[in-house]
Amino acid sequence: MTHGHARHNKHSRTYNSWHTMKRRCRTKTDDNYHYYGGRGIKVCKRWDDFINFLKDMGIRPPHKTLDRVNNNGDYKPSNCKWSTRKQQANNNRKQARWSHCKRGHKLMAGNLYYFSNGSWRCKACVTRRGRERGLK
Ligand SMILES: [Zn+2]
């Protein structure tokens with residue numbers, strides 16, 4: 001169990017962070033693309049390779065998620081750190097003042113929904129979609 005992370009383990013926490021980071025920035029159909037790639041946030045070329053990401057960032061510590069120092073900056077070694085979700089939520093709240101979601105809801109502290117991986121979306125959209133799907 002403690003040896004798995006050293007290899008290219010697709011199920012490791014670190015790999016998962018790398019994968020979702022790339023998705024948010026590059027996959028237009030990703031739920032969070034609007035807040036990342038859609039705003040021009042990129043992943044540096046070096047991090048196309050998971051091994052480089054692992055070398056630069058190290059293993060993802062428990063209960064931490066990938067965070068950017070400058071929320072308007074790219075995903076690159078000089079702008080990334082592992083943060084607890086609380087630190088990241090504070091950053092996101094500050095950043096949220098500038099914008100509305102793609103459906104026009106105002107983004108502010110009370111209107112953000114945080115996922116367990118540290119990403120967030122407009123709460124109104126999340127709950128609306130939940131209702132449409134017949135979820136709670
Ligand atoms: Zn919305």
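Confidence in this predicted model averages a pLDDT of 81 over the protein, with 76% of the residues reaching 70 or more. Over residues 1-6 pLDDT stays under 50, and for that stretch the model has 5 contacts beyond four places in sequence. The protein comprises 4 helices and 4 strands, which follow one another along the sequence in the pattern α-α-β-β-α-β-β-α.

**Overall packing**
- Among the 136 residues of the protein, 18% count as buried.
- Of the contacts in the protein with a separation of 6 or more, 34% are accounted for by residues 24 or more positions apart.

**Arginine 39**
- Arginine 39 sits in the loop that runs between α1 (13-26) and α2 (50-57).
- Between the C-alpha atoms of arginine 39 and cysteine 25 the separation is 8.8 Å, the two residues being 14 residues apart along the chain.

**Histidine 100**
- Histidine 100 belongs to the loop between α3 (85-96) and β3 (112-114).
- With 13 other C-beta atoms within 10 Å, histidine 100 is likewise classed as partly exposed.
- Once its neighbours within four places in sequence are left aside, histidine 100 is in contact with His105, Lys106 and Leu107.
- Cysteine 122 lies 22 residues from histidine 100 in sequence, while the C-alpha to C-alpha distance between them is 8.6 Å.

How values were computed
Residues are numbered from 1 along each chain as its sequence is written. This is a predicted model: local features need pLDDT of at least 70, side-chain atom pairs count only at pLDDT 80 or more; totals for chains, interfaces and linings use all residues. Helices (H or I, at least four residues) and strands (E, at least two) are DSSP runs, numbered from the N terminus. A residue is buried if 20 or more other C-beta atoms lie within 10 Å of its own, exposed if 12 or fewer, and partly exposed in between; C-beta atoms are placed from the backbone. Two residues are in contact if their C-beta atoms, placed from the backbone, lie within 7 Å. pLDDT is the predictor's confidence in each residue, from 0 to 100.
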